[in-house]
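I'll jot down what I look up as I go.

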Amino acid sequence: MNRLTLNVLSLCLAAAGWSSAHAADVVISADRLLDVKSGRMIQNPEILVRDGKVVSLKPDAATPPAADATRIALPGMTLLPGLIDMHVHLDSDPTYGGYTGLEYNDRFWSALAVAHAGKTLDAGFTTVRNLGASDWNDVGLGQAIAAGKVRGPRIVPAAWSFGATGGHCDSTYFPPSMEEKNKYNADSPDEARKSVRELRKYGAQVIKICATGGVFSRNTEPGQQQMNLAEMRAAVEEAHQWGLQVAAHAHGAAGIKDAIRAGVNTIEHASLIDDEGIALAKKHGAWLSMDIYNGTYTALEGKKNGVLEDNLRKDREVTELQRQNFKKAHAAGVKMVFGTDAGVHPHGGNAKQFAVMVQYGMTPLQAIQAATVNAAEALARKDIGVVEPGRYADMVAVKGDPLVDVTLLEAPAAVIQGGAVVKGGAL
């Protein structure tokens, strides 16, 4: 094996979370640990971590810690699994709305993404799914984080999201003389398949399609269906063939239903879902990811940030309908995950959505499960989302009981990623 091959292999292993040297044992203790599967509290846990993953939750004679194990003591704290946000845009900044971002070079957004990743990690979100980024920003950022070059959560990148020409995922803010467009636009089933193949080739780990219009695009309405069933089905079949899941931006009722019929794994926004759509989601096991906090931020700050009045109008029309439909879908037993669309609101404020989820029908435990065990299941990941043997030692510590006051998650006292304290804590 030549040196180039060895170097490439090392980079691949590093990106996958492997290291040539084993990390020292770590023992993490706290007053309580929330078992997100059962909802019960485990008192006085001692969590043995080896090579970044949980080995045991209590002292275990069969797997004792090394004599020189690092000890992380968190007295008075409640531990939870590291949180998962299923819908973020790390290279977006909500303080630039409408045309105000055109003052900056394209690479400006790449640089901001690094800072946003750090804020997201400090907020307790140790894994995120980045559903749409320009210029492969999320792919490159994820590689830099995995290589230990910058701080941030584990990233599941979608790279470019795509849909129909003139639709929500196209470039809709410019005149024809500028020839601005999304090069992955898909106006036929064959084009959808090709876009999936090319995105996967260059690093996408999930595919995001835009089934309907949106709030923050121009010349689209949230309720409009913009990809047809055949196009969506082709994208889903191709993605699933390659082992990738598909998320569909879908506000409108018709687009939601066709996305579910096409086999999409998660429906993003789902603002205008109707009773038939709720029934289809239950029948097909589709997950809903409903960003029901960010309308509060846009109503308060959007105009000041430069968001155009037409976009503010759409946000006003959709926000409360989405929240009521969240309540209805949850009551009907549809599977739900936690997704905030961070980038529409400031990064690091992701956990503000928990309180809104509780306000609109969830218990604190159910809201936490949406951001932990449910999200891991929706990602088909068995290495995150729960603190148990075999999974990454990603954890959040809060002062108090989040099952009594879910807003505690808005300001975690400590964040642990792979058994290492990345924010707060005491050794």
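**Entry 1: the domains.** First a reminder to myself that this is a predicted model. I looked up how the chain is divided and found domain 1 at 26-82 + 386-423, with domain 2 covering 83-379. I checked the C-alpha centres of domain 1 and domain 2 next, and they lie 30 Å apart.

How many residues of domain 1 are in contact with domain 2? I get 25 from domain 1, touching 25 of domain 2. I also wanted an area, since the size of an interface is often given as the accessible area lost when the parts come together. Between domain 1 and domain 2, about 1,900 Å² is buried, and carbon and sulfur atoms give 66% of that.

**Entry 2: α4 and α5.** I moved on to helix α4 (residues 189-201) and helix α5 (residues 229-241), whose axes come within 8 Å and cross at roughly 30 degrees. Angles under 35 degrees count as roughly parallel, so I'm putting α4 down as roughly parallel to α5. I noted the crossing of α4 and α5 as right-handed.

Which residues meet here? On the α4 side I listed Pro 189, Ala 192, Arg 193, Val 196 and Arg 197. On the α5 side I have Ala 230, Glu 231, Ala 234, Ala 235, Glu 237, Glu 238 and Ala 239. Sorted by class, this contact of α4 with α5 has seven nonpolar, five charged and no polar residues.

**Entry 3: α5 and α6.** Helix α5 turns up again, this time with helix α6 (residues 253-262): their axes come within 8 Å and cross at roughly 40 degrees. That angle makes α5 oblique to α6. I wrote down a right-handed crossing for α5 and α6. From α5 the contact uses Leu 229, Met 232, Arg 233 and Val 236, while α6 brings Gly 255, Asp 258, Ala 259, Arg 261 and Ala 262. My class tally for α5 with α6 is five nonpolar, one polar and three charged residues.

**Entry 4: α8 and α9.** Last pair. Helix α8 (residues 294-301) packs on helix α9 (residues 309-331) at about 150 degrees, with the axes 9 Å apart. Roughly parallel or roughly antiparallel? Angles over 145 count as roughly antiparallel, so that is what α8 is to α9. I have the crossing of α8 and α9 as left-handed.

In α8, I found Gly 295, Thr 296, Thr 298 and Ala 299 meeting Leu 312, Asp 315, Thr 319 and Arg 323 of α9. These divide into two nonpolar, four polar and two charged residues.

Definitions and conventions:
Residues are numbered from 1 along each chain as its sequence is written. This is a predicted model: local features need pLDDT of at least 70, side-chain atom pairs count only at pLDDT 80 or more; totals for chains, interfaces and linings use all residues. Side-chain values use heavy atoms; hydrogens and water are left out. Axes are lines fitted to C-alpha atoms, for helices over the stretch in contact, and angles run from 0 to 180 degrees between N-to-C directions. Helices (H or I, at least four residues) and strands (E, at least two) are DSSP runs, numbered from the N terminus. Angles under 35 degrees count as roughly parallel, over 145 as roughly antiparallel, 65 to 115 as roughly perpendicular and the rest as oblique. A crossing is left-handed if the near helix is turned anticlockwise from the far one by less than a right angle, and right-handed if clockwise. Contact means heavy atoms within 4.5 Å. Ala, Val, Leu, Ile, Met, Phe, Trp, Tyr, Cys and Pro count as nonpolar, Asp, Glu, Lys and Arg as charged, and the others, Gly among them, as polar. Domain bounds come from an automatic or database domain assignment. Buried area is the accessible area (1.4 Å probe) that two parts lose on being put together, summed over both.
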